[in-house]
Amino acid sequence: MKFHPVFLAAVALTEAATTQRRTPKFATVVTPRTAQDTAYDFIVAGGGISGLTVADRLSEDPSVSVLVIEAGPIDNNEESVLIPGKYFPVPYLWLPLLTVPQTALNGKIFNMPAGKVVGGGSVVNAMVFVRPGKDELKDWETLGATGWDWNSLLPYYKKSENFTAPNAAFAKAANFSYIDAVHGHDGPVQASYPNFYFEGTKNWFEAAVSSGLRPVGDPNAGNGAGVMFISTVVDFTSRTRSHARLNHYEVAKTRPNYHLLPGHSVSRIIFDRKKAVGVEYLPTAGGALLTAKVKKEVLVAAGAIHTPQILQLSGIGPKKLLDKFGIPVVADLPGVGANFHDQPSIIIPYRITNNIQPNTATLNENATYDAEQRARYDQSKTGPYVITRGLSQNLALSPLRNTTSKWAEIVAAARRNDPSKYLPADTHPTVLEGYKAQRKLTLKQYEGETPVAMISWDTANSNRMYFLRPLSRGSITINSTNPLLVPLIDPQTMVDPIDVDLIVASTLKNRQIMMQPMMKVLGPEEASPFGNHITDEAELKRILAGVVEPSSAHQCCTAAMMPKNLGGVVDPDMKVYDVKGVRVIDTSYWPMVLTSAPTATTYASGEKVADVIKKEYKLKSLCKNGKSSC
Ligand SMILES: Cc1cc2nc3c(=O)[nH]c(=O)nc-3n(C[C@H](O)[C@H](O)[C@H](O)COP(=O)(O)OP(=O)(O)OC[C@H]3O[C@@H](n4cnc5c(N)ncnc54)[C@H](O)[C@@H]3O)c2cc1C
Ligand SMILES: *[C@@H]1O[C@H](CO)[C@@H](O)[C@H](O)[C@H]1NC(C)=O
Ligand SMILES: *[C@@H]1O[C@H](CO)[C@@H](O)[C@H](O)[C@H]1NC(C)=O
Ligand SMILES: *[C@@H]1O[C@H](CO)[C@@H](O)[C@H](O)[C@H]1NC(C)=O
Ligand SMILES: *[C@@H]1O[C@H](CO)[C@@H](O)[C@H](O)[C@H]1NC(C)=O
Ligand SMILES: *[C@@H]1O[C@H](CO)[C@@H](O)[C@H](O)[C@H]1NC(C)=O
């Protein structure tokens, strides 16, 4: 295969250049040379949530060697990473990661948010920590993800987390409860509820309830539909972010068998016939290609955009695409890079003429207040700094029936549409079959209790909405054999007109909540380009086309766990079809996007597949009682 001169130009990479990065206390950051000279049992491509979870668990067995290759650097414990009120950790993103022009969004291009750092999305994300509903996981199973229903995943949700219960009086006042039996208490991921809320939160909660939505209780018990107070992946005691580098890497005290190579990008998997025998990688900044040998498996965990890129560069993907770039076909799997979806989002700006002070904007607008609250956080670990800055504290997850009285009409219209009509032009017949199966289930979800819209108010000047179950599907395809170039990212956002109907319905639902008595007293007015006077649906559609963002950073489903005849790429053990020694372990394996943001499920699925692999190779685990085998 041909490579681009940009990265073939050999850049002398000194060992000092790699090791000058901050070295974690207990870790073994290796040099490219060490990686090249070692034959590893497992190589993990991508050190995000899934990659580090699995690497940590596999390396519990001291006889097993694991190398994680991560494109990004190690963070420096910046306050913007650790302190929720100092959010947003800007340097640790893939920039730019641009989409192709989006035809339904006025031809605009967008940046796809994704973490590029050891810990991946967990280092930069908004820390919302929620699980999906039982109904959605059931639908995964229907699509062929056998063993991925609620009951199978629950032990792993629990294993992954250390949930610390809130103060009971606070929980009551903030309108949430929890069911202890569904939570874990000795896992590595620290989960808790914020111990503070702005007063305006109450008005919105009450308004959402009076609009016809019920309070949820514990959203992590398997049904999150309704209004909830948000739980977060924040350490209860220190009130700092619990991210994957801390909870699945630095915990690995003195594990010489757990290697990490930051700042390097995997370019492809090397095969001997159909068996993976190594990976090829290079400095993310550009430089010579290097290789590392693998004895057992390559675990691809580069996120739903980069994982299909790596697979395609390795010869695993649609034959037509691979032929176009002269890449020898190792496995002709048309589903690699197909079925791409995310949760489009919008922000509706507001003027609140009679708002309650302080609110989330006060932090940005009043330096005295901001300083006071920072001091409060430092001294007593409470106040607005325990909340991700700018994030709302309540969410309304609204089923379609509760969102619009036109729900039945919308579903009927969707049923009449030809499923193939809005898919990318050259969609493979097997991928189309898989989509038909997904569409059938999604329309059932629209008719049931599965939420379609996530609506929130930040207590100040913006309402954010996520569209949870789009019908549109896009694709990720390489545009070059240069692994450092961005693939063609085409989410095809809003291409299916039913998605537009859903967004209009959600926009009107948001307006309904904001006009309930408890919000109305605050004098909310939609600001430009919206406006309460705009009620014409065609006009709303025109406005929405200008403001919809394709992503909530919940990219998924580009190497789906479905049968091959439905365009699937991995089996229920996450093994890639038609090759030996390759699994896809990140959110690419999801058959369909879930209501909940991905973090909780990604940690849990990492735990689950680690157990599958350990069982297969008869690996040891660390035990709670300190014994080295159990
Ligand atoms: C800004 C933002 C906000 C978010 N907010 C939330 C939230 O509040 N709650 C929630 O649950 N989820 C949230 N998410 C989503 C969540 O963080 C991701 O879904 C999750 O991290 C996915 O885990 P993963 O293991 O699939 O991939 P990631 O965690 O993204 O890890 C993939 C890793 O692979 C690396 N990589 C990519 N290509 C290569 C290559 N070629 N070689 C080597 N390494 C490579 C990347 O740099 C990255 O570190 C947010 C994400 C972002 C970006
Ligand atoms: C769980 O969190 C509590 C509260 O912060 C802490 O005391 C405890 O040590 C944690 N347990 C684990 C296993 O991390
Ligand atoms: C809790 O819910 C009740 C009833 O809907 C409401 O009156 C109250 O303001 C809410 N409190 C918060 C903090 O949202
Ligand atoms: C949706 O509305 C119905 C009928 O009013 C109600 O019974 C149900 O609880 C609501 N669902 C949610 C998730 O709020
Ligand atoms: C700014 O915050 C301080 C401290 O909370 C408060 O005393 C002051 O009134 C605020 N100023 C304005 C203009 O709201
Ligand atoms: C795709 O590749 C072609 C040919 O090299 C190039 O002209 C085009 O700009 C690339 N597209 C993107 C979005 O990178």
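The shell around ligand 4 comprises three nonpolar, three polar and two charged residues. Here Ala, Val, Leu, Ile, Met, Phe, Trp, Tyr, Cys and Pro count as nonpolar, Asp, Glu, Lys and Arg as charged, and the others, Gly among them, as polar. This is a predicted model, in which local features need pLDDT of at least 70 and side-chain atom pairs count only at pLDDT 80 or more, while totals for chains, interfaces and linings use all residues. Residues are numbered from 1 along each chain as its sequence is written, chains are lettered from A and ligands numbered from 1 in the order in which they are written, and side-chain values use heavy atoms, with hydrogens and water left out.

**View 1. Residues around ligand 4.** The shell (residues with a heavy atom within 4 Å of the ligand) consists of Gly 212, Leu 213, Arg 214, Ala 225, Gly 226, Pro 399, Asn 402 and Glu 449.

View 2. Polar contacts with the ligand are pairs of N or O atoms within 3.5 Å. An N or O atom in the side chain of Asn 402 lies 2.2 Å from an oxygen atom of ligand 4. Arg 214 uses a backbone N or O atom, 2.9 Å from an oxygen atom of the ligand. On the side chain of Glu 449, an N or O atom is 3.4 Å from a nitrogen atom of ligand 4. The protein buries 57% of the 360 Å² that ligand 4 exposes when taken alone (Shrake-Rupley method, 1.4 Å probe).

**View 3. Ligand 2 and its polar contacts.** Around ligand 2 are Asn 162, Thr 164, Asp 186, Gln 190, Asp 235, Phe 236 and Thr 237. By class, one of these residues is nonpolar, four are polar and two are charged. Oxygen atoms of ligand 2 lie 2.4 Å from a polar side-chain atom of Asn 162, 3.2 Å from one of Thr 164 and 3.1 Å from a side-chain N or O atom of Gln 190. Of the 360 Å² of accessible area that ligand 2 has on its own, the protein covers 53%.

**View 4. Helices α17 and α19.** The axes of α17 (residues 407-416) and α19 (residues 497-514) come within 10 Å and cross at roughly 170°. Helix α17 is therefore roughly antiparallel to α19 (an angle over 145 degrees, on a scale from 0 to 180 degrees between N-to-C directions). Helices are DSSP runs of H or I with at least four residues. In contact (heavy atoms within 4.5 Å) are Ile 410, Ala 413 and Ala 414 of α17 with Ile 498, Asp 501 and Leu 502 of α19. Five of the residues in this contact are nonpolar, none is polar and one is charged.

Key:
Helix = DSSP H or I, 4+ residues; strand = E, 2+ residues; numbered from the N terminus. Parallel < 35°, antiparallel > 145°, perpendicular 65-115°, else oblique. Polar contact = N/O pair within 3.5 Å; in protein donor to acceptor, adjacent residues only side chain to side chain.
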